[in-house]
Number of protein chains: 2
Amino acid sequence: MSRATRPRTRLTRAEQQEQTKARLLASAAELFAERGVNGASVEQIAEHAGYSRGAFYSNFADKQALVATLLMERTRHEAEEVGAIVLNPEASFDERMETLRAWHRARAVHAREWLILRTELWLHAVRTADRGLLDRIEERERFARQMLAEGIATAFTTPGTEPTPPDDPAFLGLIMHALEDGLLIQRLIAPEGTSDTVVVDAVDLLIRSWKALGRENAGSSS
Amino acid sequence: MSRATRPRTRLTRAEQQEQTKARLLASAAELFAERGVNGASVEQIAEHAGYSRGAFYSNFADKQALVATLLMERTRHEAEEVGAIVLNPEASFDERMETLRAWHRARAVHAREWLILRTELWLHAVRTADRGLLDRIEERERFARQMLAEGIATAFTTPGTEPTPPDDPAFLGLIMHALEDGLLIQRLIAPEGTSDTVVVDAVDLLIRSWKALGRENAGSSS
DNA sequence: GTCTATAAAGAGATAGAC
DNA sequence: GTCTATCTCTTTATAGAC
């Protein structure tokens, strides 16, 4: 059995298949961003990953299965990373926010591709009305909103200045999250007037504005 | 000549062709929203409009030409309508805003389809890197931002309360516009926590927040 | 101006060799 | 597990009838 002769230098069967699967997924992500889910054929995905159509079909039942896997993998991966940062109990709020900003900066390199891919995927999920896909997406969006809501709530309590946000934190988190995506889209399709710091600039302005409104509300009610 | 016998009751040749073209465009808009630009075939578009493939190709050079026409037609139409409302010199600011809100309410019925179609079209333009299409889209976005910027600026001068918005009106307009789209997307893919008045609620909160911040800035600088 | 028929290319998916 | 060959269906686009 040739497998026993080199147990470490080469990948095991299972590892190699995982590698093939991962390469196909990465290839699909690239091509989906570039040509859309419908615009990228199975042959192109396989070839771009260095395989043939046969390899594709021995790793995924069909094209739809690959789309589902890609969406779930990316969503879970992202949620885990952001979750690990934001929920880290050993870091202060400021430290966590700084780490999160760094994470966003690192991601910004592929912001365009990631935004297009994400858009392509939700569009695909909405169109196919696939409940499994839609549930995953919904979960991701709720998670993002909630993280932002908690961050905002913390921003209002930490400095010991104003005790009350001017509205439900969940609503403020929703606004922040929606704004981020909206700004990234604007930056993609109408870049004029959008610096590369628009998102953080906008977030900063909103926090300051809400603090001002919070102070006014507190003042008038006391 | 049978044409001369009923000069009014039936459409002229040119009118009929315009009607065919319009029907094909409407059909394409529906199917694009439903299945994506790549997912809707020429045959499906033609058949759904009540024609055959032949009729399609005698009205459009190819599929790409239809996409371009659709995008330009919708963009121009929308800009004209909104422009006519917002730039109406005979109406007061409040009247114009009320008319605009009514326009948005009327559109809300097809909000889902319109959002998906718009997303599908910008995605298609970005992917094909078609400069003509991209320029049209960019124009539309700039126009929307500018209208909002003017509306916000007016909101700060009309009541005679605070003279200065807390930031460049163009930036505030960008935020409002991005936020609108972002919220509509959130409402589509993760409706939980988004009432059917989220957009107007968010806009209202932001205006109030910016006014509060503007008052603070004015107070501290005087 | 619109329809029917058809050409030519590309898609998804399967079967069998290795 | 991956490749090559192949089947079948759909696609875009054109040509010629009416």
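**Briefing: protein chains A and B with DNA strand C**

In this predicted model, DNA strand C is surrounded by 17 residues, and the closest are A:Val42, A:Arg53, A:Tyr57, B:Thr20 and B:Ser52. Of the atoms of DNA strand C that come within 4 Å of the protein, 68% belong to sugar and phosphate. Chain A can be laid on chain B by a turn of 180°.

**Surface near DNA strand C**

- Four elements each supply at least two residues of this surface: helix H3 (42–48) and helix H4 (53–57) of chain A, and helix H2 (13–35) and helix H4 (53–57) of chain B.
- Sorted by class, the surface near DNA strand C holds eight polar, five charged and four nonpolar residues.

- A:Val42, one of the closest residues, places a backbone N or O atom 2.9 Å from a phosphate oxygen of DNA strand C.
- For A:Lys63, an N or O atom of the side chain is 3.2 Å from a phosphate oxygen of DNA strand C.

**Relation of the two copies**

- Superposing chain A on chain B gives an RMSD of 0.1 Å, with a turn of 180° and a shift of 0.0 Å along the axis.
- The two copies are therefore related as by a two-fold rotation axis.
- Both copies use the same surface, as 100% of the contact residues of chain A recur in chain B.

**A:Thr194, a loop residue**

- In chain A, the loop between helix H9 (169–189) and helix H10 (198–221) contains A:Thr194.
- A:Thr194 counts as buried because its relative accessibility is 6%, and buried means under 20%.
- The A:Thr194 side chain reaches the backbone oxygen of A:Pro191 at 2.6 Å.
- Setting aside neighbours within four places in sequence, A:Thr194 is in contact with A:Arg187 in its own chain and with B:Arg145 and B:Leu174 in chain B.

**A:Ala153, a helix residue**

- Helix H8 (residues 131–157) of chain A includes A:Ala153.
- With 26% relative accessibility, A:Ala153 counts as partly exposed, since that class lies between the 20% limit for buried and the 50% limit for exposed.
- A:Ala153 and A:Asp168 are separated by 15 residues in sequence, and their C-alpha atoms are 9.3 Å apart in space.

Methods:
Residues are numbered from 1 along each chain as its sequence is written. Chains are lettered from A and ligands numbered from 1 in the order in which they are written. This is a predicted model: local features need pLDDT of at least 70, side-chain atom pairs count only at pLDDT 80 or more; totals for chains, interfaces and linings use all residues. Side-chain values use heavy atoms; hydrogens and water are left out. A residue is near a molecule or strand if one of its heavy atoms lies within 4 Å of it. A polar contact is a pair of N or O atoms within 3.5 Å; within protein, one must be able to donate a hydrogen and the other to accept it, and residues adjacent in sequence count only if both atoms are side-chain atoms. Ala, Val, Leu, Ile, Met, Phe, Trp, Tyr, Cys and Pro count as nonpolar, Asp, Glu, Lys and Arg as charged, and the others, Gly among them, as polar. Copies are superposed by least squares on the C-alpha atoms of residues with pLDDT of at least 70 in both. Contact means heavy atoms within 4.5 Å. Buried means under 20% relative accessible area, exposed over 50%, partly exposed in between (1.4 Å probe, protein chains only).
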